[in-house]
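Let's take a friendly walk through a protein model together. Have the sequence and the 3D view ready, and follow each residue as it comes up.

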Amino acid sequence: MKKFLLIAISIFCFHIVNAQMMLTNETIFSGFVGKYEIRMKLAVPYGGATSCLTLGEYYYTSNKGKIDLCESDGGRIVESVKGKESGYFLLNGEWNKNIGQTISGTWYSMLNNKSFPVVLKVITKGKN
């Protein structure tokens, strides 16, 4: 009986933790940072489990290593590689656009010693 109760409590806690952070529909982009092709996914979390206003990830199509994204200050979408912030995006306008629309902006290194133009095209919108 104790094992059953322990398992039931564990399952309940797992569902509570997962329910605390939900995402709105994802927006998936295809585009370029400078001359390098990327794929990016962004979504807006709700439920209070994160300080990020926008969450996501992207990867360069040449190596597919995922880079985490978090916008917490209302403008900069900061990238993290293995937990270390390495750069950020400033995108012009709203990113939650219709399929086919293009968004531009700039990628900056955290030291602001490098920057590249960014052009993204919305290719898919859907559920996470």
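The protein has one helix and 10 strands, where helices (H or I, at least four residues) and strands (E, at least two) are DSSP runs numbered from the N terminus. Along the sequence, the order reads α-β-β-β-β-β-β-β-β-β-β.

This is a predicted model, so local features need pLDDT of at least 70 and side-chain atom pairs count only at pLDDT 80 or more, while totals for chains, interfaces and linings use all residues. Residues are numbered from 1 along each chain as its sequence is written, and side-chain values use heavy atoms, with hydrogens and water left out.

**How confident is the model?**

The score called pLDDT is the predictor's confidence in each residue, from 0 to 100. Its average for the protein is 81, and 77% of the residues score at least 70. Which elements have the lowest and the highest mean pLDDT? Helix α1 (residues 2-20) has the lowest, at 41, and strand β9 (residues 102-109) has the highest, at 96. Over residues 2-21 pLDDT stays under 50, and the model gives this stretch nine contacts beyond four places in sequence. A contact here means heavy atoms within 4.5 Å.

**Surface and interior**

A residue is buried under 20% relative accessible area, exposed over 50%, and partly exposed in between (1.4 Å probe, protein chains only). Of the 128 residues in the protein, 28% are buried. The protein exposes about 8,400 Å², and carbon and sulfur atoms supply 58% of that area. Accessible areas come from the Shrake-Rupley method with a 1.4 Å probe; for residues, only the protein chains shown count as cover.

**A look at Thr 54**

Find Thr 54 in strand β5 (residues 54-60). Is Thr 54 buried or exposed? Its relative accessibility is 3%, so Thr 54 counts as buried. Leaving out residues up to four places away in sequence, Thr 54 touches Leu 42, Ala 43, Pro 45, Leu 69, Cys 70, Glu 71 and Trp 95. With one of these, Glu 71, its side chain makes a polar contact of 2.8 Å. A polar contact is a pair of N or O atoms within 3.5 Å; within protein, one must be able to donate a hydrogen and the other to accept it, and residues adjacent in sequence count only if both atoms are side-chain atoms.

**Salt bridges**

How many salt bridges does the structure hold? There are four, each a side-chain nitrogen of Lys or Arg within 4 Å of a carboxyl oxygen of Asp or Glu. The table lists some of them.

| Salt bridge | N to O distance |
|---|---|
| Arg 39 and Glu 37 | 2.9 Å |
| Glu 57 and Lys 41 | 3.5 Å |
| Glu 57 and Lys 66 | 3.1 Å |

Glu 57 lies in strand β5 and Lys 41 in strand β3 (residues 36-43), so this pair ties together parts that are 16 residues apart in sequence. Lys 41 is partly exposed at 27% relative accessibility, and Lys 66 is exposed at 53%. Salt bridges with shared partners join Glu 26, Lys 41, Glu 57 and Lys 66 into one network.

**Across the sequence**

Now turn to Val 119, in strand β10 (residues 115-126), which is partly exposed with a relative accessible area of 41%. Val 119 and Ser 30 are 89 residues apart in sequence, yet their C-alpha atoms are 8.5 Å apart in space. Besides Ser 30, Val 119 touches Gly 31, Phe 32, Thr 102, Ile 103 and Ser 104, not counting residues up to four places away in sequence.
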